[in-house]
Structures are given as structure tokens and as C-alpha cells.
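Q: I would like to learn how to read a structure of this kind, feature by feature. Could you take me through it?

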Amino acid sequence: MTPNITETERQMIIHMAAGATPEQTLRVVERIQRDYGLRCDTIVSETTVIGVKGIASVVDEDRISELPGVDRVIRITEKFKDASRSFHHEDTVIEVGGVRIGGGNLTVFGGPCAIETESQALDSARMSLEAGVDVLRAFVDKSRTSPYDYRGLELGRGLEIAAAMKADTGLPIVSELIDLRHLDAFLKAGVDIIQVGARSAQYSPLLEELSRLEVPVVLKHGFGNDMSEWLCSAAYIMSGLDREGRSVGHGNQNVILCYRGIKSFESATRFGADISMIPLVRSKSHLPLLADPSHSSGDSKLVERVAYGFIAAGAQGFEFDIHSNPAEALCDGKQAVGREAGRIISNSRAIHAMLAGVGIETGASVAVAAK
Ligand code: PEP
Ligand code: MN
């Protein structure tokens, strides 16, 4: 019989006391497995935190509290445990092809909004490399608002060009996955990071499929979602739970958040990007947080200042549109920058270093300050 549970009862974390031994931790984990059939994740930093996977409403809180080494048992009210800083205190850092994302790193993702032709893609890729991006956008499929807009090349051809962009620049590539049936082809073509776009941010079949892999995922913020809904989408990718709340795998812990603004009444900017979301999300989640000054502002003239603002607020990098010829772009040319990308990236790195230099760290202390 399925227990009658509320969402908040599902999630439990156990804080071990400061002097708890690894054996005591193991005993708690074994006890939960043996008595309740639930698996646990253990995070060891200054102290040890055990996260119970699955429907933790069956766990007897008092019995677990009494076990040696246990400091306290907490039923967390947030619905996004795996993405939450209350479970995982330290910043998560993800490494892809030598590039580090999260923690005190500033990581820049850039490149054309869409692959249009081989020469446009390679020219834009080279311009992005010269500008100093760490991860190259190589977008094959485009989810467009109108079916009459440019939606990308035929899959095979698009992926060939994406692979050529990677080979030519030596940079890791990120590409948006819209259609689950394209996943294998993306991975075979060497896509290093899968992006879940704003329009797909709550599409659970896609999130569940990505939870079975280890490939890093950039999760955009759905433009009709609040913060908790966004972090719940991240938890979908991370939790490794099936519909009954049973642990069926480890989940994919390599999630990178990317804030891009929401629908607002203001139409002079493309989307409403609320800068206070940056320190807030850093305080609520341990996941790397990027922001997208191109899709939020929608205007290349605004991108530079918005990028600097995101970094000052604590973003650990940004993703932006760079095009070799924005005036001729088939997709989002108005918000794409050209050669000025290099200046934007080098100034961003200077701002990031300056903040650290004056003691305003961009790492975990931003998160702590915002708590
Ligand atoms: C993009 O990054 O190309 C994109 C379409 O962004 P979003 O999903 O945030 O609209
Ligand atoms: Mn775009």
C-alpha cells in the first residue's frame, strides 16, 4: 500500500556529530537500508551529512536519532533535496575536458545561437575561441516559438558541423537536446555538455533520461517557473528515483544551473532577469550557477553590462551568443555579439578577480552571505 505522504515528509537528511567516526556513519546507512530498504548518499565535508533516498516518511526519526554519532535528523521542507545546500554544503565543481565549472571559477560558455552553415559555424567558433570562451555553443536543434523560424539543419549534418567546431577549436561543446531520440547521436558526435532549454525545463521524461547518465547538463530556468520549481527540475536529474520514490540509480550529479530571466510585463527587454536571484540561488543550491545575458536582455547593446552585473552578483560564469556576422544571423542575431566578445570576457575575468581581491569572494562565501 502506498503510504499517505506529503511532499515534505519524503525527504530526510541526517547530520552526524562533529566527532562521528566513519564506522558510525556506516552503521546509520546500513540501518536505514536494512530496516526500511532505502539507500543513502553520504556527503563528507567538515561534518558528515547522510541523505536518505526515496520516501523517507517510513523512517522512524527517533530511533535513528538515538544511534551513536547522530547529531540530528531533519525532514527538509524544500522539495529539491539533492540540489539543496542544506544537504550538500559545499559548492559543487564540475570538470569537463579540463574546464572547471562552479566553486571559485569563472567559466564562459559562448558561440552562435544556432549552427546555420559550416562556414558560419566555424567562423563563429574561431571568433569565440579567440575571445576566450571555455565552452563552445554548438547548437544543432533549435526550439523556436514559430514554426516558420529557422529550426536548425538536418540532424546528421548539424552534428557533423558541431563535431568539426569541437575539432577545430579544441574546446568542449554544449548543445541543446530537445528530442530524446537524438540523445545517442549527440553523445556519439562528442557533445560534452547537454543543455536543457527554458522551454523543456519541466519536461520530466527528458530530465529522467538525463538522470541515467553522467554527462554534464546545463539546466536553463523555465521562463514561467519560480526558483523552487527550477531547483526541483535539477533534483529530477540528480535524484535517481523512480515514480514510486524508489532509488533506481545514482542520478546525474553534474547539473549546471543557468539563469535566463522569466516572462514579465516589460517587453523592452526580452525577459525579466532579476539580479537578486543570483545570490539567492547560490544560497539555496550548491550547484554551479551561470547566467545568460543574451537571452535575458535580447539586445547585444545590453549584453556587456548585464554580464558584468551577473558576475558581481555571484554568478560563476555566463553563457552568451557570439556570431561571426550578427546582422546576417538566422536566429537571435539582435542579441549576438561579434568581436567585442573578447573585451567582455577579459573584463569579466578582471571583475571576478577584483571581487576576490577585495574580499568579496565569488565562491561559497557569496552563498553564505546570502543565507
Ligand atoms: C539558447 O540558449 O539558445 C536558448 C534557446 O535559451 P533558452 O532556452 O534560455 O531560451
Ligand atoms: Mn538563442
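**Reading the metal site**

A: The manganese ion (ligand 2) is coordinated by Cys-113 through SG, His-295 through NE2 and Asp-332 through OD, at 2.0 to 2.3 Å. Please keep in mind throughout that this is a predicted model.

Q: How are the donor residues of the manganese ion (ligand 2) spaced in sequence?

A: The donors follow the pattern C-x181-H-x36-D. Cys-113 sits in the loop between strand 7 (107-111) and helix 3 (118-131), while Asp-332 sits in the loop between strand 14 (317-321) and helix 11 (341-357), so this pair ties together parts that are 219 residues apart in sequence.

Q: Are Cys-113 and Asp-332 buried or exposed?

A: A residue counts as buried when its relative accessible area is under 20%. Cys-113, with a relative accessible area of 3%, is therefore buried, and Asp-332, at 18% relative accessibility, also counts as buried.

Q: What should I look for in the backbone of Asp-332?

A: As a general idea, most residues other than glycine have a negative phi. Asp-332, although not a glycine, has a positive phi of about 55°, and this residue lies in the loop between strand 14 and helix 11.

Q: Which residues surround ligand 1?

A: One begins with the shell and then turns to individual contacts. The shell of ligand 1 consists of Arg-137, Phe-139, Lys-142, Glu-176, Gln-195, Gly-197, Ala-198, Arg-199, Lys-220, Arg-260 and His-295, and by residue class it divides into six charged, three polar and two nonpolar residues. His-295, one of the residues around ligand 1, is also a donor to the manganese ion (ligand 2) through NE2.

Q: Which atoms lie 2.7 Å from an oxygen atom of ligand 1, and how much of ligand 1 does the protein bury?

A: A polar side-chain atom of Arg-137 lies 2.7 Å from an oxygen atom of ligand 1, and a backbone N or O atom of Ala-198 lies 2.7 Å from an oxygen atom of ligand 1. In the case of Lys-142, a side-chain N or O atom is 2.8 Å from an oxygen atom of the ligand. Ligand 1 taken alone exposes 290 Å², of which the protein buries 96%.

Q: Where is Gly-261 placed, and what does Gly-261 touch?

A: Here one reads the position first, then the accessibility and the contacts. Gly-261 is in the loop between strand 12 (255-259) and helix 8 (277-284), and at 0% relative accessibility it counts as buried. Leaving aside residues up to four places away in sequence, Gly-261 touches His-221, Phe-223, Phe-271, Gly-272 and Ala-273. Gly-261 and Gly-197 are 64 residues apart in sequence, and their C-alpha atoms are 12 Å apart in space.

Q: In which strand is Thr-48 found?

A: Thr-48 is found in strand 3 (residues 48-52) and is buried, with a relative accessible area of 13%. Beyond residues up to four places away in sequence, Thr-48 touches Ile-14, His-15, Met-16, Thr-25, Thr-42 and Ile-43.

Key
Residues are numbered from 1 along each chain as its sequence is written. Chains are lettered from A and ligands numbered from 1 in the order in which they are written. This is a predicted model: local features need pLDDT of at least 70, side-chain atom pairs count only at pLDDT 80 or more; totals for chains, interfaces and linings use all residues. Side-chain values use heavy atoms; hydrogens and water are left out. A residue is near a molecule or strand if one of its heavy atoms lies within 4 Å of it. A polar contact is a pair of N or O atoms within 3.5 Å; within protein, one must be able to donate a hydrogen and the other to accept it, and residues adjacent in sequence count only if both atoms are side-chain atoms. Accessible areas come from the Shrake-Rupley method with a 1.4 Å probe; for residues, only the protein chains shown count as cover. Ala, Val, Leu, Ile, Met, Phe, Trp, Tyr, Cys and Pro count as nonpolar, Asp, Glu, Lys and Arg as charged, and the others, Gly among them, as polar. Donors are N, O and S atoms within 2.8 Å of the metal (3.2 Å for Na, K and Ca); water is not among the atoms, so sites may look incomplete. Helices (H or I, at least four residues) and strands (E, at least two) are DSSP runs, numbered from the N terminus. Buried means under 20% relative accessible area, exposed over 50%, partly exposed in between (1.4 Å probe, protein chains only). Contact means heavy atoms within 4.5 Å.
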